[in-house]
Amino acid sequence: MQTDPNAFLYLFFEPIAPFLDDPDVSEIMINGPARIYVERRGRIENTNACFCSENALRAAAMNVARSVGRMLGEENPILEARLPDGARLEAIIPPLSRTGTVVSIRKFRKEKLTPAELVRFGSISEGGVRLIETIVRLHKNLVVSGATSSGKTSVLNVLSGIIDPGERILVIEDASELQLQQPHTVRFETRKPDKDGKGEITIRDLLIAALRLRPDRLVIGEVRGGEALDLLEALNTGHAGSMSTIHANTPLDTLSRLETCTLLSGIDIPMPAVRAMVSGAIGVIIQTARLSDGSRKITHISEVLGLENGLYKMQDIYVFRPEGLAPDGKVAGHHVFTGATPRFAEEARRLNLPEPWADERA
């Protein structure tokens, strides 16, 4: 345990130490001292673990904050931190939390997730893997969308692994989670304001700076606000093959969410201009979902075709079709190609890249 980069967690969070060690546990959720849940293999489970008091739990959270150079207290009641092993910790203390100190620890795989493992887990088919390989190698700008804990970061990690190792990749995140392995990767992380409210560096600040650093591709951990405008401008003027994630429930919702984030920039832009920027910047949307049985799947790979009468025009190239529940409670279904031919088909053919949409039909 002494060699674990998160060894201090075992000291401060002793009641949850077994879950920190359990590779099947992906998230630990502490809702006050006596209510602790974990997500294990996609399912949320209640546990018998508890802290001796609210004061003990809050002290543990504050000690972790100090250990990673952050502050948690009356003036800074929300903590967002990246732990030394890459895990993400979020904490909120009273009075913002009405149930006592709340802590969530999102654990990430230490091993790099591969396309073959996605196939083995049933998240995508081999034909789907060939499709995303073609999309990435054609330098199509893409967004991975989905709800919280639907596997967006894991899918983005897999996508990034397809990028040519000779390309220069600039990664911008609120808290570093991505596990890019390419040698020419430059990573940036935002900075929270200090106790006086000064010194904050946002994703938008880093994105503007990154554009002057000659990126081949930009990888934005997650679009949440006004930085969407700067990202769309960058994608519309170059940097093809860039990637990001966003919270949205469907591919079409993804484009609407990008509109909303763009409007949060504080710059007054007519809606037709915003939609033109979104449709021109984004080529492909990869939709992820966590299903009722806890499994995570890619449910759609959709192509953005532009605008028609002021509305977004899209086509699904590849989808997951559920077929009900199996006797063991697992969601039954299969991935299929819809029969639609993507607009980049001819480009893929010229470059001798896989054309799985031509080999498999719904």
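Colleague: Before the numbers, what is a helix axis here?

Modeller: An axis is a line fitted to C-alpha atoms, for helices over the stretch in contact, and angles run from 0 to 180 degrees between N-to-C directions. One caution: this is a predicted model.

Colleague: How do I read a helix pair?

Modeller: Two packed helices are described by the angle between their axes and the distance between the axes. Take α8 and helix α9, residues 251-263. Their axes lie 6 Å apart, at an angle of about 110 degrees. Angles of 65 to 115 degrees count as roughly perpendicular, so α8 is roughly perpendicular to α9.

Colleague: Which residues make the contact of α8 with α9?

Modeller: Ala-228, Leu-229 and Leu-232 come from α8. Leu-258, Cys-261 and Thr-262 come from α9. By class, that contact has 5 nonpolar residues, 1 polar and no charged.

Colleague: At what angle do α7 and α8 cross?

Modeller: Helix α7 covers residues 203-210, and helix α8 covers residues 227-236. Their axes cross at roughly 20 degrees and come within 8 Å. Angles under 35 degrees count as roughly parallel, so α7 is roughly parallel to α8. The crossing of α7 past α8 is left-handed. On the α7 side, Ile-203, Arg-204, Leu-207 and Ile-208 make the contact. On the α8 side, Glu-227, Leu-229, Asp-230 and Leu-231 do. The classes are 5 nonpolar, no polar and 3 charged.

Colleague: Is α8 parallel or oblique to α10?

Modeller: Start from the angle. The axes of α8 and helix α10, residues 271-281, cross at roughly 55 degrees and come within 9 Å. That angle makes α8 oblique to α10. This crossing is left-handed. From α8 the contact takes Leu-229, Leu-232, Glu-233, Leu-235 and Asn-236. From α10 it takes Met-277, Val-278, Gly-280 and Ala-281. The contact of α8 with α10 has 6 nonpolar, 2 polar and 1 charged residues.

Colleague: Now the backbone. What should I look for?

Modeller: Most residues other than glycine have a negative phi, and most peptide bonds are trans. Look for departures from that pattern.

Colleague: Which peptide bond is cis?

Modeller: The one from Pro-94 to Pro-95, with omega near 10 degrees. Pro-95 sits in the loop between β5 (88-92) and β6 (102-106).

Colleague: And where is Asn-309 found?

Modeller: In the loop between β13 (296-308) and β14 (311-325). Asn-309 has a positive phi, near 55 degrees, and is not a glycine.

Colleague: Last topic: pockets. How is empty space found?

Modeller: Rolling a probe the size of a water molecule over the atoms shows where empty space is left. Here the second largest pocket holds about 280 Å³.

Colleague: How many residues line the second largest pocket?

Modeller: Its lining has 14 residues. Arg-70, Met-71, Asn-76, Lys-192 and Pro-193 lie nearest the centre of the pocket. By class, the lining has 6 charged, 5 nonpolar and 3 polar residues.

Definitions and conventions. Residues numbered from 1 in each chain as written. Predicted model: local features only at pLDDT ≥ 70, side-chain atom pairs only at ≥ 80, totals over all residues. Heavy atoms only, no water. 1 Å grid on protein atoms, 1.4 Å probe; cavity = no way out; pocket = protein on both sides within 12 Å on 5 of 7 lines; lining within 4 Å. Points joined across faces, edges and corners; volume = space filled by probe spheres on them. Nonpolar A, V, L, I, M, F, W, Y, C, P; charged D, E, K, R; others polar. Helix = DSSP H or I, 4+ residues; strand = E, 2+ residues; numbered from the N terminus. Parallel < 35°, antiparallel > 145°, perpendicular 65-115°, else oblique. Left-handed = near helix turned anticlockwise from the far one by under 90°. Contact = heavy atoms within 4.5 Å.
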